[in-house]
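Hello,

Here is the structure for you to look over. My notes follow below it.

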Amino acid sequence: TLLLGCSSIPELYLSDEPIEVTNPTVSDYWVRQNEEFSFRLPINRAPKKNESGYVVVRYLIDSNGNTFNPEIIESVPKGMWDYAGVKAITKQDFAPSKTNTSNTPVYYSQKILFK
């Protein structure tokens, strides 16, 4: 018997037109289910220096709580952590808040720190 695993790629679903939210208001719409997560970077994508930094990534949280369309807004040091920042948002799971009964999709900009 051969067992094969397949991972499905979520499809974008919008119940309404997305709105822009900020850090203080994102929790009115979506709640992150996993505060901590980890992943390995491929050798060719890992920073060459042992240097901390951050990226600000703007992305869409669709009506199913999936993330789409990551865009680097800011990166310090420039470009060093961009791949890791985009990878990090794909590891986040969101559930609608109790007040987001219509699963309103949002655009959100998140700062991700790397040490």
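**What turned up**

In the protein chain, residues 24 or more positions apart account for 79% of the contacts with a separation of 6 or more. Please keep in mind that this is a predicted model.

First, the layout. The protein chain has 2 helices and 6 strands. From the N terminus, the order of elements is β-α-β-β-β-α-β-β.

Next, the surface. The chain has 115 residues, and 31% of them count as buried. Its accessible surface comes to about 8,000 Å². Carbon and sulfur atoms make up 50% of that area.

Now the charged pairs. The count comes to 2 salt bridges. One joins the side chains of R58 and E20, at 2.7 Å from N to O. R58 lies in strand β3 (residues 53–61) and E20 in strand β1 (residues 19–21), so this pair ties together parts that are 38 residues apart in sequence.

The side chains of E71 and R58 also meet in a salt bridge, at 3.9 Å from N to O. E71 sits in strand β4 (residues 67–76) and R58 in strand β3, so here the tied parts are 13 residues apart in sequence.

The cut-off for buried is under 20%. E20 is partly exposed at 48%, and E71 is partly exposed at 40%.

Best wishes

Technical notes. Residues numbered from 1 in each chain as written. Predicted model: local features only at pLDDT ≥ 70, side-chain atom pairs only at ≥ 80, totals over all residues. Heavy atoms only, no water. Helix = DSSP H or I, 4+ residues; strand = E, 2+ residues; numbered from the N terminus. Buried < 20%, exposed > 50% of the residue type's maximum accessible area, 1.4 Å probe, protein only. Contact = heavy atoms within 4.5 Å. Areas by Shrake-Rupley, 256 points an atom, 1.4 Å probe, with all protein chains shown as cover. Salt bridge = Lys/Arg side-chain N within 4 Å of Asp/Glu carboxyl O.
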